[in-house]
Amino acid sequence: MSAYLRVVGVSKSFGGLRALNDCSFTTTKGLITCLVGPNGAGKTTIFNAITGFLVPDEGHVAFQGTSLDGFSPQQVVATGIARSFQNLRLFTDLTARDNVLVAMPGQAGETPLGAIFRPLHAARATAQRRAAAREVLAHVGLADGADTMVRNLSYGEQKLLSIARLLATGAELLLLDEPTSGLSGAALDRVMEVLRGLQTDGKTLLVVEHNTRVVQQIADEVVFLHQGHVLAQGSPQEIITDPALAEIYFGGVI
Amino acid sequence: MDFFYSYIALAEIYVLLGLSTNLLVGIVGIFSVSQAAIFGVGAYVVAYLLMNTAVPFLPALLAAAALCVALNILVTLPSLRVSGDYFVVTSFGIQLLATAIFTNWTAGTGGAAGLPGVPAPLIFGQELIEPGAFLGLATAGMALGCLGFWLIMRAPFGRLLRAIREDELAVAALGKSVLRAKVSAAALAGAFAGTAGGLYATFLSFIDPSSFDLDASILLLAMVVVGGARTLAGSIIGPFVLLALPQALALIDLPTSVAAAARQLIYGVLLIVFMLFRPQGLLGEKL
């Protein structure tokens with residue numbers, strides 16, 4: 001199996017803090033890779049480095065053999081990678097559907113000239129996209145909430161919407177930052193089901209996850225990050241049953 | 001009747017300015033307090049061209065709009081580096097700079113004395129001197145502006161701008177160019193303000209820096225606050241309400257020195273009252 005996303009020797013310091021320290025791992029196309037590690041291990045920082053929000057001090061990131069070095073967030077999305085945020089960052093004054101619509105690439109009428117001088121063209125394209133947006137929302141089980149303002153959705157629904165918005169970008173590799181945090185019961189099961197559904201649809205997922213039960217249930221591979229460095233990459237069973245890693249994860253010190 | 005026509009024509013010109021300010025401040029969330037400066041540049045360019053060259057009215061208006069597009073992009077660019085509250089300070093600086101130039105560049109702007117005798121617009125051989133005649137032009141300008149604003153708000157571009165106001169970073173993470181969208185919005189706001197300036201100069205036939213200073217910029221913000229942010233209806237009603245106030249004060253026969261102060265006082269009170277008790281304005285959304 002060839003590496004789909006390849007992170008090689010990425011380091012990043014903030015002042016005296018070395019957030020990423022020679023961090024290297026790979027993901028495989030079609031698999032769900034979970035990124036685990038204690039708080040402050042650098043999980044979100046590596047997301048930022050992969051998606052162009054942060055320029056690493058050292059190291060490289062490549063996607064499907066193409067180097068992403070020096071790419072802006074916009075250019076990274078164009079290669080087929082999109083990321084979600086731990087604090088969701090939804091557009092709360094817009095409806096669920098509009099959140100999804102904003103994310104769709106290459107829209108007619110997305111420039112002022114297109115909007116003013118080709119309004120009919122823009123309107124027709126928008127009508128088609130509304131149908132597509134409805135499908136994306138239905139995919140995560142939010143079809144009924146399409147016209148609801150985001151601030152009126154429940155937390156679980158907002159989590160699902162952030163996944164729908166990610167999906168709408170058309171990206172093949174989805175980076176999800178703690179998609180299940182703060183959820184329990186049916187809402188948690190729903191998100192896990194949606195993540196597995198994305199895999200069935202052929203998407204590749206890299207998921208920051210704290211809940212070991214979730215990791216065991218959805219992960220094909222696990223990357224264990226500690227102090228900005230990858231300590232181990234392997235199957236969920238290998239990583240979770242490793243006593244040394246458990247010691248670090250559950251509060252031990254190295 | 002001319003009194004009434006004048007009020008309508010002036011309010012229509014301010015609707016264009018209201019659209020310009022609403023686009024930047026209300027929709028994109030670029031809190032500009034220097035829109036009156038752009039308005040002023042439009043006014044001075046048209047006045048200068050009509051008084052000193054053989055350029056006809058419509059090309060002069062087009063030139064003013066084009067220059068204001070470029071200028072507004074330039075003064076809005078700092079918003080890409082300094083965000084939110086910090087941009088307000090930058091914007092204050094731009095407004096003060098503009099006022100200083102309007103007041104001191106005597107050769108171009110006539111300085112504090114202003115430029116009297118700006119010719120009335122000449123369109124299809126008709127000289128629009130009377131307020132009733134000018135009203136047609138102002139109405140057409142406002143209608144075109146409103147149509148453009150409406151088309152943008154219902155297009156994907158409008159949605160993108162609203163998303164940018166809420167969370168620029170999230171928009172960038174979805175693969176959209178925040179830079180391009182902001183520059184486009186600034187260009188559009190510049191075109192509206194520049195056109196409004198040209199209409200204003202030819203309508204009043206006299207312009208001076210007092211119409212384009214910080215007070216004027218704050219009046220524009222007040223129009224958005226009172227009318228309501230992010231809606232076409234709000235952008236229209238704000239100017240009509242706020243410009244009716246001086247007209248109403250004129251009816252109660254106050255001495256001019258008192259009337260000017262009373263106007264500022266009322267604008268100030270309105271800003272405070274609306275922000276506290278009706279932040280969504282008369283017909284809009286919360287700023």
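Student: Where does Ser205(B) lie?

Tutor: Ser205(B) sits in the loop of chain B between helix H10 (178-204) and strand E4 (206-207). Helices (H or I, at least four residues) and strands (E, at least two) are DSSP runs, numbered from the N terminus. Please note that this is a predicted model, in which local features need pLDDT of at least 70 and side-chain atom pairs count only at pLDDT 80 or more, while totals for chains, interfaces and linings use all residues. Residues are numbered from 1 along each chain as its sequence is written, chains are lettered from A in the order in which they are written, and side-chain values use heavy atoms, with hydrogens and water left out.

Student: What is the phi of Ser205(B) near?

Tutor: Phi of Ser205(B) is near 60°, which is a positive value in a residue other than glycine.

Student: Why does Ser205(B) count as partly exposed?

Tutor: Ser205(B) counts as partly exposed because its relative accessibility is 30%. Buried means under 20% relative accessible area, exposed means over 50%, and partly exposed is in between (1.4 Å probe, protein chains only).

Student: Which loop of chain A holds Gln64(A)?

Tutor: Gln64(A) lies in the loop between strand E4 (58-63) and strand E5 (66-67) of chain A. Gln64(A) has a positive phi of about 50°, although it is not a glycine. Its relative accessible area is 48%, so Gln64(A) is partly exposed.

Student: And Thr45(A), buried or exposed?

Tutor: Thr45(A) counts as buried because its relative accessibility is 13%. Thr45(A) belongs to helix H1 (residues 43-50) of chain A. Leaving aside neighbours within four places in sequence, Thr45(A) is in contact (heavy atoms within 4.5 Å) with Phe14(A), Ala19(A), Leu20(A) and Leu54(A).

Student: Let us turn to the interface. How many residues of chain A are in contact with chain B?

Tutor: On the side of chain A there are 31 residues in contact with 25 residues of chain B.

Student: What is the area buried between chain A and chain B?

Tutor: The size of an interface is often given as the accessible area lost when the parts come together. Here the buried area is about 2500 Å², and carbon and sulfur atoms give 65% of that. Buried area is the accessible area (1.4 Å probe) that two parts lose on being put together, summed over both.

Student: Which residues in chain A lose the most area to chain B?

Tutor: They are Phe91(A), Glu110(A) and Pro112(A), together 22% of what that side buries.

Student: How many salt bridges are there across the interface?

Tutor: The rule finds four salt bridges between chain A and chain B. A salt bridge is a side-chain nitrogen of Lys or Arg within 4 Å of a carboxyl oxygen of Asp or Glu. Asp98(A) forms a salt bridge with Arg159(B), and the closest N and O atoms are 3.6 Å apart.

Student: Which helix of chain A gives the largest share of the side that touches chain B?

Tutor: The largest share comes from H3(A), with four residues.

Student: Now the core. Which residues touch the most other members of the largest nonpolar core?

Tutor: In that core of 144 residues, they are Val100(A), Leu161(A), Tyr14(B) and Ile207(B). A nonpolar core is a set of buried Ala, Val, Leu, Ile, Met, Phe, Trp, Tyr and Cys residues joined through side-chain atoms within 4.5 Å.

Student: Which helix gives the most to this core?

Tutor: Helix H1 (residues 2-28) of chain B gives the most to this core, with 16 residues.
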